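Let's take a walk through this model, one stop at a time. Have your viewer open and follow along.

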Amino acid sequence: MKKISLLVIFLYIVFGAVCQPQQKDIVLSKKVQKINKQKEVINSIRVYHKPENLPVAIKAYEDLFAMDPPLSVCGPFYRGYADVLAQSGNLTKAITYYDLAINNGFAEPDEFGYTYRKEYFVKDTALYNRKLKEYLSMCVHSVRESQLIYELRQLLGADQFARKYELKHPEYTDILRFSDSLIMKRLVNLMKEYPEYENIFSVDKEVSIILSRHLFSAYPLFWLTYFEPITRKKVEEGICMPFVYADLYDKCIIRAFGCQSYYGQWDNNGKNANPDTELVNKRRRWLGLPPLQELKKDEFMIMPAYD
């Protein structure tokens, strides 16, 4: 276990040497803030078991598209728009947006085969089956991408094995720490081996969700060093929601450096609250976030932003 501790210390020294709290604040334009507000509106509307909300949902998507956001911003919403169109019975237009989502890389081709989507097409099963066959024929990865997916899947398997093993053998308290440290080291090497991918997690959503949650919690400097710049760029481009970035940033700098909350989105139950609320609110305003006095701590469920 001594070797494990030395490895972890070494990685922290390496990461800490290049990672310090940011110097330049993110200031979003009014247009990006307006687009983010509209995205929040869309995300707040529930339609799957509430078909009465379909007209409102359709209008919310169309209001977003009317703002003329770049493809990188509106593209991730094509699939959702297609879903509400299909649910409302407008199958032809829905297919147009499924095509846009899949052809532009905002949805995986096999996602069209999910059971609940099949239910949307009960009035035209021939159309559904034809498009499903077409989309499934597109499920092809390059050799190099397949190799990366394989590598990531191996790491996911190692992660899941370690967690299940710890549940059965709680006496081995270092197994997860050992596993996480090795997985993190391998991920750093994969980033060097596959430099064409700005974010290597982008090729596998399940790996992204599971590994990022575990590693960013255990090793906040890992996120700050390698993923903060990616997430920051997505926030500035209007792709990543600001509250996701603010929550991750606060958690990582507090856990890594023990400093005060930067955006007030997370303050370690008040232990690392920033007393300068005026400054914090200024930073929040630049991101288009509500002031601290209006923040509901349980309002958001933070999701990984690494798809």
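What follows looks at a helix, then the cysteines, then a loop.

A quick word on the ground rules: this is a predicted model, where local features need pLDDT of at least 70, side-chain atom pairs count only at pLDDT 80 or more, and totals for chains, interfaces and linings use all residues. Residues are numbered from 1 along each chain as its sequence is written, and side-chain values use heavy atoms, with hydrogens and water left out.

Start with helix 10, residues 175-193. Helices here are DSSP runs of H or I with at least four residues, numbered from the N terminus. An α-helix has 3.6 residues a turn, so residues three or four places apart point the same way.

Now the cysteines. Cys252 is buried because its relative accessibility is 2%, while Cys259, at 24%, is partly exposed. A search of the whole structure for disulfides turns up zero, counting a pair of cysteine sulfur atoms within 2.5 Å as a disulfide.

Last stop: the loop between helix 13 (242-257) and helix 14 (277-287), where Asn268 sits. Asn268 isn't a glycine, yet has a positive phi of about 60°. Asn269 is in the loop between helix 13 and helix 14 too, and its phi is also positive, near 55°. Asn268 is partly exposed at 23% relative accessible area, whereas Asn269 is exposed at 76%.

Note on methods. Helix = DSSP H or I, 4+ residues; strand = E, 2+ residues; numbered from the N terminus. Expected span 1.5 Å × (residues − 1). Buried < 20%, exposed > 50% of the residue type's maximum accessible area, 1.4 Å probe, protein only.
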